Amino acid sequence: MTDLLDPRATTAQPAPPPTSGTSPGTGRARLGRFLRRRPGLVVSVLVIVFVLVSAVFPAVFAPGDPNLAIPRQRSLPPGPGHWFGTDYLGRDMWTRVVHGTSLSLQATLTAVAVALVVGGLIGLLAGFVGGWVDEVLMRVVDVLLAIPPILLALALIAALGFGTTNVAIAVGIASVAQFARVMRAETLRVRGTVYVEAARAVGTRWWVSLGRHVLPNAAGPVLVLAVLEFGLAILAVSSLSFLGYGAPPPAPEWGSLVAEGRNYLATSWWMCAMPGLTIAATVLSVNRVSKALDGEWGRDR
Amino acid sequence: MIYPARRLGFAVLVLWAAYTVSFAVLFLLSDPVATLVARASDGASVTPADLAALKARYGFDQPLVVQYLERLGAAVRGDLGTSFVSGQPVGATIADALPPTLQIATAGLVLAVVFGAGVALVATYTRHRWLAQTLMGLPSLAVSLPVFWVGLMLVQLFSFQLGWLPAVGARGPEALILPAVTLALPTGALIAQVLVKSMSTALAEPYVTTARAKGVGPVAVHLRHALGNAAIPALTVLGYVAGNLLAGTVVVETVFTRPGLGRITVEAVADQDVPLVQGVVLFAAVVFVVVNLVVDLIYPLLDPRVTQAVPA
């Protein structure tokens, strides 16, 4: 049932031919062919690079102070000087969005890391140990799947309290189940292969076998899932910060920027539109890249 | 006979586990007593006697195992406890909030099925590659947009710019349109993705070739032969669809300032109203489990191969 739900599974376009297998060629020629053949992917990678750089060095793209309010420049529409317009206090929206990247991206990375580590460990344990451990862990995972992720995240926030970190942890825990399932399936697949059997036959300790043979070979699909989860986590984190559970007001964060702009929606559409467009562009790019990764890596398996 | 009984047993088991998980999250991770004290005292100091009375009133003076068993027993009897904030029973609060949420959820479901099935059917029917590619790209676009932002942009366009539809509130059927569309987008995308996949599988089956060879028209092959079979696997995601819709109302009701279950949830989380949050989580789990149970029970009637495959 989950393979139906997996957004990766619905790659409608025929997967591009694996570049590695066609002709050897030099590195530069391959790169050139790659750029020409898939402009969408190139744009997506550029967007992601832009987001990553803004998160670490926001001043590169927006040298100003995100909290600097110039009352004379209140509610200016997008135009030269203010690409994204200004908000109700006269703060430059572009600067606020670029500086907001840091908090939003930190939360997203934390969420994905929590999901990957916790889900991965549960799946690895269930798949490697098997027996009743597998049975118990997978039943817990089934239960987590019965609760919509957003509601599970909300319950965790009600328990842990507000703040960007808690939102991130909540989003991460809420998506543990997916990771556990994929990791378990992969572990089971790898555990049954001849090389793991051979390793056991020559007397390799179980933890060496786990670390050197099972984990590296089972990790691929889980890492692809992590990239995909990245897009979902951006959406979940920004939704929760839109609802007001994230960072407290003065700090810019993508979701809370949209929430701030909401009160001025009738007159100043750009206060909502621009941060939202940034979220949408980022998620689309991440999904595009994860699809490409799945196409390349998934083919070989 | 054994198949329904096993399914029912499994459903009950999932509900019990969902209760336990939500209890663990809400009553162990947080400190409900501290929340209660903060609420009751408004910052003033609390005497030990008051604290003990407060704990006794909500049963927090008992050992955790006793608390868990007592609350579980009450939940089985339909008593989900009382809200920390309003003091009202949780069950009644949820029941009161349900009708407006059911309205947008139903409208959203109808729109989602129409959008999703429409996109999937046209995309698999058309011979124009560009049209198929564009239509198949729509679902992945729809799931990439933040729901709250889509709602706000619809309000900006249709309420403020064009003045066609009300921006907020729940009065009249026209107030239902924008929330329902917003809610239907991600759900419709899910339905479209699933249906495109099962339609492609069905269209490659020998019975489709046979039907074509017999001279059945392309529309009849597509709708009667292929869709009839492709819709059955798509039923299995109905539980997810219901869960999606319910979760979507949290954001949609906030964006459109509508009353309902989603709004209650947002407020309960903000107030750390632990019993109410647990009630909503359990309600969602019940919806998921019941929908899946119904699908599981109907499935063998639609596709008799299932009962043969599952040794009863």
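Helices here are DSSP runs of H or I with at least four residues, strands are E runs of at least two, and both are numbered from the N terminus. The model is predicted, so local features need pLDDT of at least 70 and side-chain atom pairs pLDDT 80 or more, while totals for chains, interfaces and linings use all residues. Residues are numbered from 1 along each chain as its sequence is written.

**Exercise 1.** Work out what chain B is built from.

*Solution.* Start with the count: chain B has 14 helices and zero strands. Then take the overall extent: its C-alpha trace spans about 85 × 60 × 30 Å along the principal axes.

**Exercise 2.** Find where H5(B) bends.

*Solution.* First, get the span. Helix H5 of chain B covers residues 90–125 and reaches 49 Å from first C-alpha to last, close to the 52 Å expected (1.5 Å times one less than the number of residues). Next, look for the bend, the angle between axes fitted to the seven residues ending at a residue and the seven starting there. That gives about 40° at B:Leu98, with the proline B:Pro99 following within four residues.

**Exercise 3.** Describe the interface of chain A and chain B.

*Solution.* Begin with contact (heavy atoms within 4.5 Å): chain A gives 50 residues and chain B gives 51. Now the buried area, meaning accessible area (1.4 Å probe) lost on being put together, summed over both parts: about 4500 Å², with 77% on carbon and sulfur atoms. Helices giving two or more residues on chain A's side include H11 (206–242) and H13 (270–300).

Methods
Chains lettered and ligands numbered in written order. Heavy atoms only, no water. Buried area = accessible area lost by both parts, 1.4 Å probe.
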